[in-house]
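Let's take a walk through this model, starting with a loop and ending at the charged patches. Keep the viewer open as you read.

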Amino acid sequence: MIYAIMDIGSNTVRLSVYKEKDGEAINLFSEKEQVSLKSFVKKGRLTEKGISRLLHTLGKFKAVVDNFDDIDGVYPFATATVRDVANRADVLNLIKDKLDLDVEILSGEEEAKLAFVGAAISTEVAEGVLTDIGGGSSEIVLIDQGKVIKSVSLSIGSLSAFNDYVDGLFADKSDKKEIEKRIDQLLEDSLMYAEDQKILAAVGGSARASLKFYKEYYKLDDSVRSMDASEFNKMLKEILKADDRSKLDMILAVKPDRVHTLLPGMIILNKICKFFSIDTINVSQTGVREGYVYSKLLGRK
């Protein structure tokens with residue numbers, strides 16, 4: 001069986017195609033488009049321009065899928081931005097009418113649990129904390145003995161933090177304080193408790209981009225898949241103190257497609273590490289999409 005997954009996030013829309021072989025899901029190829037849906041939300045509604053960009057991207061991905069006769073199923077799902085907008089039903093109906101795609105909305109709790117299932121494929125997540133920092137939300141999962149103990153979805157992500165708290169192109173120390181203040185409030189509202197943990201498993205594009213920057217900054221081997229939390233905090237402080245030109249040069253050299261969202265994503269990741277007194281950040285190469293395939297399509301819990 002071959003499955004096509006369309007992941008409609010707040011910042012990017014991704015297409016990943018997987019082939020099932022002996023109970024395992026093998027990624028055949030992936031594509032992504034920077035759509036920045038969160039930036040097209042006005043007065044709680046996704047604007048016509050935002051809807052148009054989404055339809056264009058999904059139409060492009062559907063054309064790719066339609067060229068493969070052996071794909072057995074197409075599974076589009078949406079997270080934070082589409083989940084939260086007031087005109088969600090209109091958006092979903094339009095996608096159905098124009099493209100004949102039935103988009104599934106993942107709740108914050110379900111997104112968090114699928115991130116856990118997906119992360120477990122490539123990273124040890126028997127205990128500790130897992131986070132998935134998206135464009136519009138950040139999921140946090142407490143894990144013990146390989147099971148989800150508590151999960152929450154915070155309504156802040158790398159793109160929404162940029163839109164709401166960064167005045168210029170790059171975050172600075174003042175913006176960091178405002179973002180951290182908002183995260184503190186969201187954690188308090190979610191009743192998440194600050195117990196000390198040693199390991200944080202991080203999934204998603206923000207985490208992978210942070211790791212790539214970390215390896216470049218400290219001149220580490222490309223095979224490295226973890227970060228020292230104190231060194232990550234030190235690096236972030238130094239970057240935020242740099243002038244805008246230096247920030248631009250550093251980000252363009254590593255992750256140019258995240259020029260405005262990389263630092264807000266790092267600030268969120270760093271704050272979560274502080275909240276749980278994390279020592280080590282393990283970055284998973286798999287996440288929600290793999291969790292969706294294994295949990296919903298292959299029946300793995």
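Is K43 exposed or buried? At 86% relative accessibility, K43 counts as exposed; here buried means under 20% relative accessible area, exposed over 50%, and partly exposed in between (1.4 Å probe, protein chains only).

## Ground rules

This is a predicted model, so to speak of local features a pLDDT of at least 70 is needed, side-chain atom pairs count only at pLDDT 80 or more, and totals for chains, interfaces and linings use all residues. Residues are numbered from 1 along each chain as its sequence is written, and side-chain values use heavy atoms, with hydrogens and water left out.

## Two lysines with positive phi

Back to K43: it sits in the loop between β4 (41-42) and β5 (45-46). (Helices, H or I with at least four residues, and strands, E with at least two, are DSSP runs numbered from the N terminus.) K43 has a positive phi of about 50 degrees, although it is not a glycine.

K219 also deserves a look, with a positive phi of about 55 degrees despite not being a glycine. You'll find K219 in the loop between α7 (205-217) and β12 (226-228). At 74% relative accessibility, K219 counts as exposed.

## Buried spots

Now go inside. In helix α5 (residues 158-165), the buried residues are S158, L159, S160, A161 and F162. Their cover includes β8 (128-133), α6, α7 and α10 (262-275), where contact means heavy atoms within 4.5 Å.

Helix α10 is also the place of L262, which is buried at 3% relative accessibility. Leaving aside residues up to four places away in sequence, L262 touches A209, S210, F213 and I251. The C-alpha atoms of L262 and F170 are separated by 9.0 Å, with the two residues 92 apart along the chain.

L101 and S160 are 59 residues apart along the chain, and their C-alpha atoms are separated by 27 Å.

## Salt bridges

Side chains of opposite charge can pair when their charged atoms come close. The structure holds 17 salt bridges, each one a side-chain nitrogen of Lys or Arg within 4 Å of a carboxyl oxygen of Asp or Glu. One of them joins D257 and K32 at 2.7 Å, N to O. This pair links distant parts of the chain, 225 residues apart: D257 is in the loop between α9 (244-254) and α10, and K32 is in strand β3 (residues 24-34). D257 is partly exposed at 28% relative accessible area, and K32 is partly exposed at 30%.

E104 and K296 meet in a salt bridge too, at 2.9 Å, N to O. That pair also links distant parts of the chain, with E104 in strand β7 (residues 104-105) and K296 in helix α11 (residues 288-297), 192 residues apart. E104 is partly exposed at 25%, and K296 is partly exposed at 34%. Then there's K96 with D102, at 3.3 Å, N to O: K96 is partly exposed at 32%, while D102 counts as exposed at 53%. R83, D84 and E111 are linked in a network of salt bridges.

## Charged patches

Which residues gather in a patch of positive charge on the surface? They are K173, K177, K237 and K241. Patches are made of residues with over 30% relative accessible area and no salt bridge, with like charges joined within 9 Å (nonpolar side chains, Val, Leu, Ile, Met, Phe, Trp and Tyr, within 5 Å). Accessible areas come from the Shrake-Rupley method with a 1.4 Å probe, and for residues only the protein chains shown count as cover. Lys and Arg count as positive and Asp and Glu as negative, with His and the chain ends not counted; a charge is placed at NZ of Lys, CZ of Arg, CG of Asp or CD of Glu.

Helices α6 (173-189) and α8 (229-241) each supply at least two residues of the positive patch. K241 is found in helix α8 and is exposed, with a relative accessible area of 60%. A negative surface patch is formed by E124, E127, D144, E195 and D196. Of these, D144 lies in strand β9 (residues 138-144) and is partly exposed at 38%.
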